[in-house]
Amino acid sequence: MRGGQASSNSIISPRRGSSVGRSAIRAKATVLKRDGRTKIDATIDAPQLDFDDLADDAGLAAARAKEARIGPRILPDTRINLEKMGLTDGTIRVSIASLLVKGGSVFKSLSGTLKLDHRVLRLPYCRSASRGASISR
C-alpha cells in the first residue's frame, strides 16, 4: 500500500482533521469500487458540529421556511443534497461531541450509524445525550 492506495479499486485514507464553518471534523474512510458502485466505510468524529455547515444556501432557505411554517424542531431540518452522490453506498459511523444549533437544542451530543443506499440516507441507530439524560432509539 503506497500513499493511502490499497489497490486500483480502493482508497484508504488516514484519519484527517478539518473544519467547515463552525464545525470541526476528523474522518477516516475506506472507499472501494465494486460492481460499478462506490462503497464507503467511514468513521467521523466531530468535536463540534453545526448542521447548517452541511447545507447549501437553498437547503438553508428551505429549512428556515419550513421552521417558520411549523415551528422549531428538536434537531434542525437541514436539507443535505445527496444528488451528486450518484452510485455511492456505504456506512458512516458518526460521533458528535457538541452540537451547535442556532437557537439552542435539548441535545448536547449525538452518535449513530448512517447507511447510504442508492441515494437514500437512513439512521438505523442513534444515541444522543440531552441535558441530564441519555436517549437511544
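D89 and R37 form a salt bridge in this predicted model, with their closest N and O atoms 2.5 Å apart; the term salt bridge stands for a side-chain nitrogen of Lys or Arg within 4 Å of a carboxyl oxygen of Asp or Glu. The two partners come from distant parts of the chain, since D89 belongs to strand 6 and R37 to strand 5, 52 residues apart. Strands, like helices, are DSSP runs numbered from the N terminus, a strand (E) having at least two residues and a helix (H or I) at least four. Side chains of opposite charge can pair when their charged atoms come close.

The model is predicted, so local features need pLDDT of at least 70 and side-chain atom pairs count only at pLDDT 80 or more, while totals for chains, interfaces and linings use all residues. Residues are numbered from 1 along each chain as its sequence is written, and side-chain values use heavy atoms, with hydrogens and water left out.

| Pair | Closest N and O atoms |
|---|---|
| D89 and R37 | 2.5 Å |
| K39 and D89 | 3.4 Å |
| R93 and D41 | 3.2 Å |

K39 and D89 form a salt bridge, and because K39 lies in strand 5 and D89 in strand 6, this pair ties together parts that are 50 residues apart in sequence. R93 forms a salt bridge with D41; here R93 lies in strand 6 and D41 in strand 5, so parts 52 residues apart in sequence are tied together. R37, K39 and D89 are linked in a network of salt bridges.

How enclosed these residues are can be read from the relative accessible area, where buried means under 20%, exposed over 50% and partly exposed in between (1.4 Å probe, protein chains only). D89 is buried at 6%, and R37 also counts as buried, at 14% relative accessibility. K39 counts as partly exposed at 31%, R93 counts as partly exposed at 31%, and D41 is partly exposed with a relative accessible area of 37%.

**Strand 6 and its neighbours**

Strand 6 covers residues 88-96, and because seven of its nine residues are buried, the strand is largely enclosed by the rest of the structure. Strand 6 pairs with strand 5 (residues 37-48) in the parallel sense over nine bridges, where pairing requires that DSSP finds at least two bridges between two strands. In strand 7, L116 is the bridge partner of G90.

**The helix and the whole protein**

The protein has one helix and nine strands, which follow the pattern β-β-β-β-β-α-β-β-β-β along the sequence. Helix 1 (residues 57-70) has 14 residues and, at 1.5 Å a residue, should span 20 Å, which agrees with the 20 Å between its end C-alpha atoms; the expected span is 1.5 Å times one less than the number of residues. Helix 1 is followed by G71, which has a positive phi near 95°.

Of the 137 residues of the protein, 28% count as buried. Among contacts (heavy atoms within 4.5 Å) between residues at least 6 apart in sequence, 43% join residues at least 24 apart.
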